Amino acid sequence: MKVSFAKLSRPASGAVAVGVSDGGKLGKTGQIIDRSTGGALWAAMKAAKHTGQSGKTLTVYAPPRSKLTKVVVIGLGKAKDMTAQSLEEAGAILYGALSKEARVTIVIDDIKNAAEDGGDLAAAIASGVVLKSYRFDKYRTTEKASAKPKLKSIAVSSNAFADARAAYKVREAVNAGVLLTRDLVSEPPNVLNPATFSDLAKGMAGDGLKVKEIGRKDMEKMGMGALLGVAQGSITEPKMIVFEWNGADKNDPTVAFVGKGVTFDSGGISLKPGAGMWDMKWDMGGAGVVTGLFKALAGRKAKVNAVGILGLVENMPDAKAQRPGDVVTSADGQTIEVLNTDAEGRLVLADALWYVQEHHKPDTIVDLATLTGAIIAALGEHYAGLFSNDDELSTQLQAAGQSVNERLWRMPVGPEYDKMINSPIADMKNLGGRYAGATTAAQFLQRFIRKGTAWAHLDIAGVTWSEGSTALAPKGGTGYGVRLLDRFVADQYES
Ligand code: BES
Ligand code: MN
Ligand code: ZN
């Protein structure tokens with residue numbers, strides 16, 4: 001999508017969107033358009049009882065005395081409630097009304113007393129259009145051209161155009177990360193496997209972003225028995241990817257992001273039931289977010305030292321696959337009794353967490369994983385689960401999530417739950433009891449976190465894929481997590 005910003009003016013032709021704040025008052029340019037079309041906007045608004053309610057649209061086709069083909073009036077709500085977030089959502093709604101136009105002009109009149117700065121509001125509305133216009137249609141060969149959306153170009157008309165342009169540049173970099181994450185979770189598992197995912201990540205190297213690949217041989221040397229056990233039933237070799245972005249001073253702290261990248265989770269020998277098994281193509285969602293995040297951080301040249309780890313494996317049943325009952329040894333020497341081969345994410349993360357602490361000594365680690373069905377039972381699609389050994393880090397992540405509407409709900413960890421994963425024959429088992437399944441999984445991960453490291457685990461099983469459309473995305477991959485962590489980095493390391 002081509003997005004441009006120019007000084008506020010009255011568009012003479014084509015498709016146009018104008019905002020109206022609660023109370024039904026058109027802005028200055030809106031009023032000019034209304035007058036030049038013989039009051040067509042105002043008449044239509046009155047007839048439709050449109051008084052600027054937030055998110056409400058009204059389309060006026062071919063208003064008289066003008067070359068305009070279409071004017072979409074969008075309600076922006078009360079000025080004092082207008083934030084970048086609310087305007088971004090308005091942009092997403094606008095997309096629905098304008099997707100069949102090739103080119104649109106969005107008029108953003110000065111908004112007095114808006115809650116946030118005008119430049120970012122104008123950038124946000126464009127961002128909302130772009131995020132909502134996402135489509136994963138590369139494998140559709142017979143869809144009629146007339147059925148496809150047409151929108152290619154958005155011109156934003158605003159007095160804050162210079163600020164908006166600057167704000168949009170940052171948003172564009174972050175959105176590129178979000179869209180990449182959506183692509184990754186949408187790709188079918190015969191296309192995206194540990195090898196192809198790893199190749200894609202390596203292809204991102206450059207302009208200061210370092211990418212290193214670790215293959216099976218090196219994993220064996222390092223003793224990554226937990227990750228390798230999961231991978232051994234697959235014909236595709238496991239890979240670990242290490243992203244490094246050093247945008248801050250050498251002596252500044254390092255923050256690490258670690259993602260579960262199970263490119264397909266059949267359950268392994270503890271095979272999942274057939275219904276809905278295809279969902280497990282997005283069991284690499286955590287790694288997808290870390291990849292999108294590094295695209296965003298590098299794209300906007302973030303002033304942070306960050307390292308990202310992808311643990312990429314495929315969990316398949318096979319003669320060579322690991323069995324329920326196997327005992328494996330992780331890279332840090334702890335032994336694990338694998339009671340269920342479908343609890344594989346924690347095994348992959350155990351070795352990835354060891355690696356990042358051993359080689360990068362981060363102060364803070366955030367891991368992301370589509371780890372448990374239990375978190376979906378608890379929180380549904382509206383919050384991801386947050387598990388942490390650090391109250392301050394938890395508060396920071398929750399605040400970042402709140403401000404981009406990717407919300408986190410804190411769940412407990414603690415010694416009572418930790419006991420539930422003791423094994424009689426090894427240091428731990430990969431299965432808890434009947435209850436608190438998301439917490440016992442987190443407890444397992446915590447056993448691989450060294451003393452003094454602030455750690456948070458985000459269980460994103462419920463938010464990675466959406467059966468219906470969300471505020472900023474069509475149904476399918478949401479990209480949840482990229483904006484949250486980008487904001488967390490901006491708030492905690494760059495301001
Ligand atoms: N990838 C799944 C969790 C999952 C389920 C993610 C549904 C998204 C949607 C994970 O590997 C898994 O299978 N977890 C098991 C753990 C159990 C065997 C302890 C689960 O949640 O049932
Ligand atoms: Mn599983
Ligand atoms: Zn899984």
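Tutor: Let's start with a term you'll keep meeting: a residue is buried if its relative accessible area is under 20%, exposed if over 50%, and partly exposed in between (1.4 Å probe, protein chains only). Keep in mind that this is a predicted model, where local features need pLDDT of at least 70 and side-chain atom pairs pLDDT 80 or more, while totals for chains, interfaces and linings use all residues, and side-chain values use heavy atoms, without hydrogens or water. Residues count from 1 along each chain as written, with chains lettered from A and ligands numbered from 1 in written order.

Now to the metals. Take the zinc ion (ligand 3) to begin with: its protein donors (N, O and S atoms within 2.8 Å of the metal, or 3.2 Å for Na, K and Ca; water is not among the atoms, so sites may look incomplete) are K260 through NZ, D265 and D283 through OD, and E344 through OE. They lie 2.0 to 2.4 Å from the zinc ion (ligand 3). Follow the chain and you'll find these donors spaced as K-x4-D-x17-D-x60-E. K260 belongs to strand β10 (residues 254-265), and E344 to the loop between β13 (335-337) and α10 (345-360), so this pair ties together parts that are 84 residues apart in sequence. (Helices, H or I with at least four residues, and strands, E with at least two, are DSSP runs numbered from the N terminus.) K260 and E344 are both buried.

So what are the protein donors of the manganese ion (ligand 2)? They are D265 (OD), D342 with both its O and an OD, and E344 (OE), and they sit 2.0 to 2.2 Å from the manganese ion (ligand 2). In sequence, the donor residues of the manganese ion (ligand 2) run D-x76-D-x1-E.

With a relative accessible area of 3%, D265 is buried.

S186 is part of helix α5, and its relative accessible area of 6% makes it buried. Leaving out neighbours within four places in sequence, S186 is in contact (heavy atoms within 4.5 Å) with Y134, F136, K281, W465 and G477. T478 sits in the loop between β20 (476-477) and α15. It counts as buried too, at 13% relative accessibility. Setting aside residues up to four places away, T478 touches V178, R182, V463, T464, W465, S466 and T470.

For contrast, look at two loop residues. R65 is in the loop between β4 (57-61) and β5 (67-77), and at 71% relative accessibility R65 is exposed. Its phi is near 60 degrees, which is positive even though R65 is a residue other than glycine. K361, in the loop between α10 and β14 (364-369), isn't a glycine either, yet has a positive phi of about 45 degrees. K361 counts as exposed, at 60% relative accessibility.
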